[in-house]
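Please examine the model below with the sequence at hand.

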Amino acid sequence: MMTKKILLSFPQKATGQPMAMELIKTYHLDFNILKAYIDDNVKGTLLLEIKGEEADIEAGIVFLRQNQIGVKDIQSIVEVDEKKCVSCGACTAVCAVGALEMTDDWSLVHHDDKCLECLLCVKACPMRAIHAII
Amino acid sequence: MAKTYQEINEKIARGEAVVVTAEEVIDIVKERGVKEAAEYVDVVTTATFGPMCSSGAFLNFGHSDPPIRMGEITMNGVEAYGGLAAVDTYLGATQPSQDKGIEYGGAHVIHDLIAGKEVHLVAKSQGTDCYPRKELDTWVKLEDLNEAYLFNPRNVYQNYNAAINASSHRMYTYMGILQPNMGNITYSTSGELSPLLNDPLLKTIGMGTRIFFGGAQGHVSWMGTQFNTACPRDDKGYPQTPGATLALIGNMKEMNPKYIRGAVYEGYGTSMFVGVGIPIPILNEEIMAFVSVENKDLYTNVIDYSVPKKAKPSLKKVSYAELRSGSVDINGKIIKTSPLSSLKMAREIAEELTNWIKKGEFFLQEPIQSFPMGNAIKGLEIKEGESR
């Protein structure tokens, strides 16, 4: 058994179909829906933590991609735009788990595997360089 | 052996000046001692890159045909001051836009102008005999303007408080987000690299001092507002609370958008990150001793921002070395510390200024007037009564 976090992007034509149900029925996968944004007939985004046998997970992902659904491995929905970031450190003030911290040379580093997605850093960033992808 | 500004400038012109940053000079003084180091080093560069709200730009748009005496002015929806002459304005960094609020303010317009972007200019007027036009709606770029210079009334604080929140509610402040129950501490300084902490008694920094300002060569134009040289100091003279400030001036057309950036403090407002570098000439041993200061010897107070009064209590006096360590112990509680100004960018600015001087592109300007010591700041008394 393994656990994996994936971000699914549904194009317009795939928004009306019960894709997640197929993952359970055909591929025997368990999943937690962590975030969902589905606008029927427009587009959708789904952040899932899926659990199952490695082969089943891979087959499930192939199935999703065959149905034009974008699948991306992901650790955190928080992204830091390095072009906008000036490494001031304001975001580290609110990151309780140390996912955002300053290196020894005072650059900002983002350990996305530690992120709990509280999203306080999005508000704390004066450069608006941090955003949630969904 | 003392040096003069002229002697140092002659060395810069010959490409022989020894220029190091205020961080690098610490080890040089440890190895060689103050006396020898003062002979060896000619210039020490200092820098900072942090939020400086009291900033803004004077702009002159040139006259349209027919001309207008601009009364109400907006730039990308941000109001600029209409109380100057016909096509002059002052655009303040913290002014929020009418449509996007604090997410896009005067500082962002200033950044966009420096980045060469077109800005939407709308102006209205009553119309006068000499300025008949009543409305104007156009797009301008920095290169289209006659004059455009930053004039920042209060920048590069000599020292500043660290912030904490002892209340039970999260606070959104200009010192960033402060978590309840003393959950974190924020501070804003480049410490031992900071310009005015390296010249605590303003022996070399005064009116006219040439500086690195937003990527251009600018000048110190006056003492900054809330200039406090009567602040508490340690026995060597370093301020232990907010002290001196500087008013800075520089040509926006020569600036780099990397060093002037719009900033947003959630729940507080717009601010501007300003990149400033100041060279300190090593005229004598006293000045060399001052610039060799280290973070462990520079102190500030951890102030409780949850007290809604002007005089907020200090919970602890701490050194910048303690703040930089990542945590501070207050009454047995280990509290995380976080910076708000970018030391990484400050180092980049100090390096760039060092290179300018080494390449003979930047010369030192001796102040034409020194700033007063012992200058205290006043508060504002609220007087009762509607008329007098």
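Buried area is the accessible area, taken with a 1.4 Å probe, that two parts lose on being put together, summed over both. In this predicted model, the area buried between chain B and chain A is about 1,900 Å². Carbon and sulfur atoms give 56% of that area. Chain B brings 27 residues to the contact, and chain A brings 22 residues.

Which elements of chain B give two or more residues to the side that touches chain A? Twelve residue pairs in polar contact, both residues at pLDDT 80 or more, are found across the interface of chain B and chain A. On the side of chain B, the elements that give two or more residues are strand S15 (184–187), strand S19 (260–265), strand S24 (333–339) and helix H6 (343–358). Of these, S19(B) gives the most, with five residues.

Charged side chains also meet across this interface. The count between chain B and chain A is two salt bridges. In one salt bridge, the side chains of B:Glu103 and A:Arg128 come together at 2.7 Å, N to O. A network of salt bridges links A:Arg128, B:Glu103 and B:Glu266. Another charged residue, B:Arg324, lies over the face of A:Trp106, at 5.3 Å from the ring centre.

Over all chains, the structure holds 17 salt bridges. Within chain A, A:Asp73 forms a salt bridge with A:Lys4, and the closest N and O atoms are 3.5 Å apart. A:Asp73 lies in strand S4 (residues 70–73) of chain A and A:Lys4 in strand S1 (residues 2–10) of chain A, so the pair ties together parts that are 69 residues apart in sequence. A:Lys4 counts as partly exposed because its relative accessibility is 23%.

In chain B, B:Glu294 forms a salt bridge with B:Lys30, with the closest N and O atoms 3.4 Å apart. This pair links distant parts of the chain, 264 residues apart: B:Glu294 is in the loop between helix H4 (285–291) and strand S21 (299–304), and B:Lys30 is in helix H2 (residues 24–40). B:Lys30, at 55%, counts as exposed. A further salt bridge joins B:Lys296 and B:Asp297, whose closest N and O atoms are 3.5 Å apart. B:Lys296 is partly exposed at 47%, and B:Asp297 is partly exposed at 30%.

A search of the whole structure finds 14 aromatic pairs over all chains. One of them is the edge-to-face pair of B:Tyr157 and B:Tyr160, with 5.0 Å from centre to centre and 65° between the planes. B:Tyr157 counts as partly exposed at 23% relative accessibility, whereas B:Tyr160, at 19%, counts as buried. Ring pairs join B:Tyr157 and B:Tyr160 with B:Tyr174, B:Tyr268 and B:Tyr305 in a cluster. Elsewhere in chain B, the charged end of B:Lys317 sits over the ring of B:Tyr299, 5.4 Å from its centre.

B:Asn152 counts as buried because its relative accessibility is 0%. The side chain of B:Asn152 reaches the backbone nitrogen of B:Gly56 at 3.0 Å. Leaving aside residues up to four places away in sequence, B:Asn152 touches residues including B:Ser54, B:Ser55, B:Phe213, B:Leu246, B:Met272 and B:Val274.

Key:
Residues numbered from 1 in each chain as written. Chains lettered and ligands numbered in written order. Predicted model: local features only at pLDDT ≥ 70, side-chain atom pairs only at ≥ 80, totals over all residues. Heavy atoms only, no water. Phe/Tyr/Trp six-rings, centres within 6.5 Å; stacked < 30°, edge-to-face > 60°. Buried < 20%, exposed > 50% of the residue type's maximum accessible area, 1.4 Å probe, protein only. Lys NZ or Arg CZ within 6 Å of the ring centre and 35° of its normal. Contact = heavy atoms within 4.5 Å. Salt bridge = Lys/Arg side-chain N within 4 Å of Asp/Glu carboxyl O. Polar contact = N/O pair within 3.5 Å; in protein donor to acceptor, adjacent residues only side chain to side chain. Helix = DSSP H or I, 4+ residues; strand = E, 2+ residues; numbered from the N terminus.
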